[in-house]
Amino acid sequence: METQFAERPLSLTEHQGQSQQEVGEDSHIICPDQFVLLKMPSGNVKAVRLKKDTQVSLGKFGNFDTNSIIGHPYGYSYEIYEGTKAKIIKNVAFVDVDDTEANNKDIVDDPAKQNLSHEEIERMKQEGVGGQEIIKKVVEGHSTFNKKTEYSKAKYIKRKEAKFSKVFTPVKPTLYSVWSYVYSNRPEKIRDLRIDTLSQILTLANVHANAKYIVVDDVRGMLISGVMERLGGYGFVLGIHEHETPNYDIIKYMNFTKKITDSLKTLSWIQVFKDDNEQDFLYKDESKLEEKDLEYYLRKKMRYERLNDAREALWQGEFDGLLVASQYQPKSILEALLPYVAGSRPIVIYSIHKEVLVDAFTYLRMSKQCINPEITESWLRNYQVLPGRTHPEMTISGGGGYILHAKRIINNDDPGYAGPSVETVKRQIDKSSSSQDQMMTDAIE
Amino acid sequence: QTQTETTTTNNYDDSKKFVSSVAPQIEIKDIISNEERINDALEMSAKETIRNDGNKWISCGIDLQEALTKWTSKEDRNRGKDDGEDRNAGRKIDIIWSMKPTDLEFLLVNQWATEQTRSFTFFNDKLKIAKNLKVIINRIVKEYGGTGMNLSLLKLYGLHVYYNEMIVYEMSIPFRGLYVFREVLQSKLPMNAVEVGLIKLSVPAFIEFKKREPPFLLKVDSKASYNNKFGNFKHSDIIGKEYGSRIPSHNQKAYMYLLYPTPELWTMVLPHRTQILYMPDIAFITTVLDLKPGSIVLESGTGSGSFSHSIARTIAPHGHLYTYEFHEERAKLARQEFSDHGLGNIISIECRDVCKNGFSIENRVNAVFLDLPAPWEAIASAKAAFKQNQIGKICCFSPCLEQVQRTCVVLNEAGFSEIQMFECLVRTHDVHTIPVYTISDVVAKLKAQQAKKRKRVSEDEDREMEPEQSKQGEKSDPPNLYVSRTTRETKGHTSYLTFATFSPVSNEELNAS
């Protein structure tokens, strides 16, 4: 197996000099004209295309000057102070809580316990008192704060932080952080595709550099962003969509370099099929055109050539994988695109509805063009890990969707094949159901 | 001679040559690698007996028919049983042939491993060999216990071939009730590497065996052929074919598929030296650690190299993986595999105890993966390995909660942020067609049964009525439903995945220190 991986094999010493940034221009620094995700103390995330010399509003948490974060590396948190200035503070995971004698038996729920009034809090906010200060005052103002257990205290402080703190964290857009942003705001945009399922799609499809993939992405570009990221600009991905221009708006959050965005070719479904009525582009003599006509002509020519390039790429076939996350019937998608997938390469189809995949599964089995079809479902649970308080989260995702994956095979018409024909197999399935022998269906490959 | 094989045995002639070269004191009459040959050899041979002389193997001819009837019991003959079921329960012996004894027993057991058991195939097979040898020795004791034969001198041998490793076990019974099972020989099979291909075996519908065989690795040699219970496959038929092709067997009765090598397939077939990572964890960790072309990654321990292959695939062409393994033999094997698979440029492996001596690199990586019994011991050194001027991601992979808790405390103290812990599991949904009968079908069936009863009581009376009644009893074809269902057992736990973020060292901190 020749090394299809190392396009430019680097020695160990060469690596010492190269960083991701130099080679792939992947920036770990907050740059202007790029998207940044801002995580607020409430846990909510805001996506902003950062511009120099302006301010960004974080709603009730205040505003800050963009220049105070531009040029810094990702990984710091910032506190807003004196209006719109922002300074770096330490990002702390959790505070160790020692157990004390306190328990909550004397605690009675009564709003009168808070001595600090709402007006006083508002005044402090106006004066620009730092969030941590406000919280300290709120805690001091609580008459029975010391009677709470240490755990309750920590929870109380955390709630107040979510309300009053003016700390925000710029988060670097990655596949995970962008997915998290989209999923927590509008999961329907990505058809409830959860990150573990998305990761498995990319791994099952063996997405890697120097390969070419066909992707049917009807999840606003979430899937194709993953493919583009794993290609890194080496090879290309062909996205097939149903509009004039594809609706891949999630791509913009990824801050892809030009090399990576250039690796995306797109085709609309109508362009996938050869139409006898279509006409070839009329090439004109550019020297004979007037300036305004020339501009129009060049644009049309570029569009045509790009379209033609994508079509030729598709019809050449031998793709390294087919990835689908779409609301359309998988059978029809497979009928159109399966011929372009190379032998033994993966087909991976995502749906939030299992029944859709059950249909596709039986189609794949009958078609004899694939082996090992399998429907899988992923389960993901996160835990709170704190000293003395470790347990799974109380609420988790109810489901992340289903995956159907299989491998393409070829040579079905091999005269050496001594097995039954598709019709025979079908008859056997129908007959077997009346004899209640389900094992027969397992034998169909 | 007692012999056991797994599906990974693939070269009959090599095995025989090897055993004679490695263990000359063991005189092997014949190593038999598939059922057909077993039948041939046993039926053909006359009742020749070579006396057991110390360490010599013996091989005896037997009268197969008689042996089968006399010695095998119903539960022993479960050839047709699905290997996927009851894999771990009880005594699972496929076939036992034994001979009319003079001094010693001759038994043969054939075993196969399935996809689901891959993770503990090696140890399970060892257990099975022990169990089978125990059964055999019990029978001998039962049969000859009172005859004055000195059974404490009896030794039975089991041969375990696992990928390219060969192990010989010995079972003896020095005192009644005391079984001694031990490993007496361990060695490697020589492999003639020409080309590497991953091959999948499949069986067409009309053959009795309904379950698929799991994929396995075949080192292609133009002169060799591969045998298993389905048939004989010539390697020369494979060379030059496209991936995804179907390769028929010699007698065209079976076929297999050529699969394009991927790290996921490698994870399914690689020889386990340790517990490995599987696709769901590999996929999720890859995403959360933000791995992509160009990433520089640190991994410890390398183990069997399952995750290492996946990482290499993802970070190519210009990324790099620094991986550390403290076990010398495993490090050597992994290094050889990486080189064989063309990954020598992307992966640097070092044999090192990172918990005691730290990592050998600093200020280099974007991501760290720790799969160690005590990851907290390596965290300080891992922290130094990160590129200090940018964020990085770390993942600690631990099966036990206590390890996770300790890891989190240390991560927190070391200044890591966004500490999160997950578990991720995948389950399969099997698809079938089922008939869905209605109550009218049931009523019709009952009516037909009643009609049959009445017919038996007074046949002459009902003869005219018969055709009508049987028409009523006929049920129409029920509608079929394509359904899916979950499996009865599924993976419950692999490990807890603890993630954290490394923050770049700020100028203030640099100035302060």
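Guide: Phe284(B) and Phe499(B) are both buried, where buried means under 20% relative accessible area, exposed over 50% and partly exposed in between (1.4 Å probe, protein chains only). This is a predicted model, in which local features need pLDDT of at least 70 and side-chain atom pairs count only at pLDDT 80 or more, while totals for chains, interfaces and linings use all residues. Residues are numbered from 1 along each chain as its sequence is written, chains are lettered from A and ligands numbered from 1 in the order in which they are written, and side-chain values use heavy atoms, without hydrogens and water.

A pair of aromatic rings is described by the distance of the centres and the angle of the planes. Because the planes of Phe284(B) and Phe499(B) stand at 80°, with the ring centres 5.8 Å apart, the pair is edge-to-face. Rings of Phe, Tyr and Trp (its six-membered ring) pair if their centres lie within 6.5 Å; planes under 30 degrees apart count as stacked, over 60 as edge-to-face and the rest as tilted. The pair links distant parts of the chain, 215 residues apart: Phe284(B) belongs to helix H6 (residues 279-288) of chain B, and Phe499(B) to strand E18 (residues 496-502) of chain B. Helices (H or I, at least four residues) and strands (E, at least two) are DSSP runs, numbered from the N terminus.

Over all chains, 19 aromatic pairs are found. Phe499(B) is also among the residues with the most contacts inside the largest nonpolar core, which has 75 residues. Such a core is a set of buried Ala, Val, Leu, Ile, Met, Phe, Trp, Tyr and Cys residues joined through side-chain atoms within 4.5 Å. Helix H6 (residues 175-185) of chain A gives the most to this core, with seven residues.
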